[in-house]
Amino acid sequence: MGGTLTAGLLGAAAGQPVRKGSRERSPSAGDIVPFHGVHQSGITQLPRVPQQQGVFVAYDVTAETRDQLTDLFRILTARARFLTSGGPARPASGSSGSGLLGTTLVPDGLTVTVAVGSSLFDDRFGLAGRKPVELVPMTAFAHDDLNPAECHGDLLLQLCANHSDALVNVLIDLHTRTTGLMRQRWRIDGFRSPQRPSGTPRDLLGFHDDVANHFLTDVKGRIDNFVWVHSPSPEPAWTTGGTYQVVRIVRFDLEKWNRVPVEQQQRIIGRHKVTGVPLNGGHDENSPVVYDPAGEVMPFSCHVRLANPQTTDSRFAAPNPYVPDKVPPVHIWRRSYQYMRAPDVDGRMDAGHAFCCFQRELRTYIEMQRRLENEMLVPYITPTGGGYFFALPGVKDDHDSYARTLLT
Ligand code: HEM
């Protein structure tokens, strides 16, 4: 049976009731994701699945002195602490808020993740000697068509919540309170689909996406090894508990993609479209991905085979002409959102992936992306923006604030 499975974003049977899966959890306005912790809570956020609404906003810092920069981080901390916990709008906070959420602020599962770009470590604030060692400006890969207006930034906020009005409220709140200290540079609004009909949510290509994240959570200690900076490390001490964050705005040619027969789409990704099961077989999407040495079942240049060639995991290793025998670590923590925004000047859809991943070493991502320059997905996607950032360590308690260890 050939032909496309139209879009696929809604699953095999659109409108079918959602089956309860083990990872499913109904989002509610009362959800609170604890704000304080060693790591920022909007990154791995276990055991929760990511919220359905997400926005990435990059800023140029307009604060002029180190004291003003410190004020900026203190304001961001105080507001994030309050907005993520909810409650009545407090007169002591100096404002009744936007009113968008009513008289009582609902936490709505909000997380606020704050990251810094390499430009923050220029000569403005005396931070040059404290830069994370791998933090550099993003440079173009082979098939990128980068729009400079949507690249880089001194700061990046990733705001995620169950509903979009909660995010708009946060943006209004933060911009009201930080006027003069930072200015928006670019923004991308995203969403994640609910389970359609079960399992990991689908991306705009219609495939279950972020499935392999569970390889990091199923094995004790893997998250610590691959995501968080910890000692011993060549990184400055203040970075402990933080992680490198990559955001890439990747536009899809959905008109072209949806004309591709589903069997070919599956060979491009390496998984079945309806079920998410790897092409090598298995019971469900969480079954092991195993590569055949001849590349007949899982093509050498399919997405998953290049993203994770498994040459460092001897259990499943199989040679691949597109990758060296040994590659550096292959595990990243993905936390991407889908976007669809206004059409371009030619009336074509501008939709795709606000790709986001976290990893202890930035080179893990860079080398992975280089391998993906050879993937069969290339004709259907165009990276247009984004940047490299370092997501700060968590805010530990009421006395702590974002970037405290960086600025003191
Ligand atoms: C931009 C468009 C992209 C799309 C539509 C996409 C889609 C997918 C899909 C459907 C899967 C299989 C299911 C899963 O394991 O989540 C997958 C796996 C994966 N992707 Fe992507 N991806 C994209 C970009 C990237 C980029 C830029 C990277 C990193 C440089 C990446 C890294 C990975 C990794 C590491 C896996 C898991 C491989 C494994 O261990 O089996 N992806 N992606």
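What covers the buried residues of helix 8? The cover includes strand 7, helix 7 (303-307), strand 10 and strand 11. Helices (H or I, at least four residues) and strands (E, at least two) are DSSP runs, numbered from the N terminus. A residue is buried if 20 or more other C-beta atoms lie within 10 Å of its own, exposed if 12 or fewer, and partly exposed in between; these C-beta atoms are placed from the backbone. In helix 8 (residues 362-371), the buried residues are Leu-362, Thr-364, Tyr-365, Met-368, Gln-369 and Arg-371.

The structure is a predicted model, in which local features need pLDDT of at least 70 and side-chain atom pairs count only at pLDDT 80 or more, while totals for chains, interfaces and linings use all residues. Residues are numbered from 1 along each chain as its sequence is written. The pLDDT is the predictor's confidence in each residue, from 0 to 100. Its mean over the protein chain is 89, and 88% of the residues reach 70 or more. Residues 13-24 have pLDDT below 50. Beyond near neighbours in sequence, this stretch has 13 contacts in the model. Two residues are in contact if their C-beta atoms, placed from the backbone, lie within 7 Å.

The protein chain contains 9 helices and 11 strands. Of its 408 residues, 43% count as buried. Among contacts between residues at least 6 apart in sequence, 75% join residues at least 24 apart.

Strand 7 (residues 243-252) has 9 of its 10 residues buried, so the strand is largely enclosed by the rest of the structure. Strand 7 pairs with two strands described here, strand 11 and strand 10. Two strands pair if DSSP finds at least two bridges between them. Strand 11 (residues 381-391) runs antiparallel to strand 7 and is joined to it by 10 bridges. Within this pairing, Tyr-244 is bridged to Phe-390. Strand 10 (residues 350-359) also pairs with strand 7 in the antiparallel sense, over 9 bridges. Here Val-246 has Cys-357 as its bridge partner.

The ligand is surrounded by 25 residues. A residue is near a molecule or strand if its C-beta atom, placed from the backbone, lies within 6 Å of it. The closest are Val-211, Ala-212, Val-250, Ala-307 and Asn-308. Strand 7, helix 7, strand 10 and helix 8 each supply at least two residues of the shell. By class, the shell has 15 nonpolar, 5 polar and 5 charged residues. Ala, Val, Leu, Ile, Met, Phe, Trp, Tyr, Cys and Pro count as nonpolar, Asp, Glu, Lys and Arg as charged, and the others, Gly among them, as polar.

The largest nonpolar core has 75 residues. Such a core is a set of buried Ala, Val, Leu, Ile, Met, Phe, Trp, Tyr and Cys residues joined through C-beta atoms within 7 Å. Leu-155 and Ala-354 have the most contacts inside this core. Neighbours within four places in sequence aside, Leu-155 is in contact with Tyr-59, Val-61, Val-114, Val-116, Gly-117, Leu-120 and Met-182. A second, separate core of 13 residues includes Leu-204, Leu-205, Trp-257 and Tyr-291.

Several loops carry backbone features of note. The peptide bond from Arg-196 to Pro-197 is cis, with omega near -10°. Pro-197 sits in the loop between strand 6 (182-191) and helix 3 (214-217). Ser-231 and Pro-232 are also joined by a cis peptide bond, with omega about -5°. The loop between helix 4 (222-226) and strand 7 holds Pro-232.

Asp-108 is not a glycine, yet its phi is positive, about 55°. This residue is in the loop between strand 3 (104-105) and strand 4 (111-117). Asp-108 is buried, because 28 other C-beta atoms lie within 10 Å. Ala-403, likewise not a glycine, has a positive phi near 65°. Ala-403 lies in the loop between strand 11 and helix 9 (404-407). It has 24 C-beta neighbours inside 10 Å and so counts as buried.

Arg-66 belongs to helix 1 (residues 66-85). With 13 C-beta neighbours inside 10 Å, Arg-66 counts as partly exposed. Arg-66 and Phe-125 are 59 residues apart in sequence, but 5.1 Å apart in space, C-alpha to C-alpha. Leaving aside neighbours within four places in sequence, Arg-66 is in contact with Phe-125 and Gly-126.
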